[in-house]
Amino acid sequence: MKTTVASLEGSRQNLFINGAFTAPRSGQYIDSFDPTTGRPWYQFAEAGAEDVGAAVDAARSAFANPAWRRMTQTDRGRLVRRLAELVLDNADALALIETRDNGKLLKEMRAQMRAMPDSYTYFAGMADKLLGDTIPVNKLDMLNFNVREPIGVVGMITPWNSPLMLLTGTLAPCLALGNTVVVKPSEHATASTLALAELIMEAGFPAGVVNVVTGTGAVAGDALTRHPGIAKFVFTGSTGTGRCIAANAAQNLIPCSMELGGKSPHVVFGDVDIEHAVNGVVSGVFAAAGQTCVAGSRCFVEASVYELFIEALVERTRRVRVGLPMLEDTDIGPLALSAQLTKVEGYVASGVRQGARIAAGGKRPQADELAGGWYFEPTVMTRAENGMEFMQEELFGPIVGVIPFSSEDEMIRLANDTRYGLASGIWTRDINRALRFARDVEAGTVWINTYRASSFMSANGGFKESGYGRRGGFDAMEEFSRLKNVVIDYSGAMQDPFVIRLR
């Protein structure tokens, strides 16, 4: 892989279409900003509708190309495994690029990039293990069976918080199945996806199997979601944008798979070790500076231990180190974009206006070395009520609101009192209580005595306004394939259709 942080500095990055890096037809480029300084550090191509159309055409041609279409499942799996090897070989370089582009901690990105190849390897192994089935019929001499096949060109819009990890969850099964792909990464973090395109070429995938169009959501994203050549669309991001994408795709009857917003409840009962529960809550909401869809930003604590829990949570929060993401002792880096910092400040101010109290954090850090960057302190809000704006809206920042509860019924009512249903967590030693929570909570994922413990082997996705469709596990192979029914009459004779024979 030629792309490095050093080579990106001050560069112009082009589109990746049909196996080659190509300048945009408009000749226009957009600045990408370093979250640690607030200053631009490279430029990426601004794709227009024509560029998007060329990428979709390349993907459609690749899908029909015998070099890809007629490749055996085993050989496709071998290619995906080769990509896994290349990602692992370049994991540290990819980690540096993502850290510079979106401000995530370098130590976190290294771990993420080194783990990511396992997902490609997992789905590579599934490439030749997707089985059909036979179906009994009430006629003799008739064979009725189902087969699964690739669906065609899959369009993807990926977010800025974990571009490659979230792309991998859909790209790996798509490639293993034999689909082709057009990716539009977020305009706030494009570099790592373009670097991955280099590795896809190096792995030996035919030209056009994977294409990357960069640019704004309003232009490139809109053109991609409206294109009739797309067979399925995948989106990870906000619920509002998801609605727009679904509306565009519906005009061409294109199905979608969407992981949208979250406002996840994190529940703590009094029978647990308070220190362990605090660590779980801190990890669940402050990790990645709160920029995760599953952030447990609504914390409900049993009234009997509420004051003790708040004291421990505030003390632990004040020890969280906000700093430069490249440093090993940093716990929280900057937010990924300036607009997100402004939004987070606005939600804290809104909470205070509505009666909540800032128990820790609540402002930008004052350290000189962080000046100019988009940093925000980890924040604990008490005296919160579930109906407050900051308790109902997805914040995508390091803020948690804490509310006491007195009974399981009250807790479940509060936990489900949101339009979202992505994830949830509970801390208790009572397994019966934990299983009741898992049964009654409206969330696609339930964590018990842990949080943010994810696996590419498990299907995940949301309920309600958190989206639909599943990623991970065998479900992803079904999500990105289509079912075809085949019926064979092997009697050797076709009966006269106008002669009715009674049995």
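A salt bridge here is a side-chain nitrogen of Lys or Arg within 4 Å of a carboxyl oxygen of Asp or Glu. Keep that in mind as you click around this predicted model.

**Stop 1: a first pair.** Select Glu9 and Arg100 and show their side chains. The two form a salt bridge, with the closest N and O atoms 2.9 Å apart. Now look at where each one sits: Glu9 is in the loop between helix 1 (5-8) and strand 1 (12-13), while Arg100 belongs to helix 5, so this pair ties together parts that are 91 residues apart in sequence. Why can such pairs form? Side chains of opposite charge can pair when their charged atoms come close. By this rule, the count for the model comes to 26 salt bridges.

**Stop 2: the two domains.** Next, colour residues 5-260 plus 466-485 as domain 1, and residues 265-448 as domain 2. Notice that domain 1 is written as two stretches of the chain, 5-260 and 466-485. How many residues does each domain bring to the contact? Domain 1 puts in 23 and domain 2 puts in 26.

**Stop 3: the surface between them.** Domain 1 and domain 2 bury about 2100 Å² between them, and 61% of that is on carbon and sulfur atoms. Across this interface the rule finds one salt bridge. To see a salt bridge between side chains, select Arg110 and Glu328, where N and O are 3.5 Å apart. The interface also has eight residue pairs in polar contact.

**Stop 4: domain 1's side of the contact.** Select helix 5 (91-102) and helix 6 (106-126): each supplies at least two residues of the side of domain 1 that touches domain 2. Which helix gives the most? Helix 6 does, with four residues.

**Stop 5: the annotated region.** Finally, select residues 23-486. An unreviewed UniProt entry places the feature "domain: Aldehyde dehydrogenase" there. Switch to cartoon view, and over these residues the chain is 41% helix and 20% strand. Click the C-alpha atoms at the two ends of this region, and the distance between them is 45 Å.

Terms used:
Residues numbered from 1 in each chain as written. Predicted model: local features only at pLDDT ≥ 70, side-chain atom pairs only at ≥ 80, totals over all residues. Heavy atoms only, no water. Domains from an automatic or database assignment. Contact = heavy atoms within 4.5 Å. Buried area = accessible area lost by both parts, 1.4 Å probe. Polar contact = N/O pair within 3.5 Å; in protein donor to acceptor, adjacent residues only side chain to side chain. UniProt positions renumbered as here; feature names shortened; annotations may be inferred.
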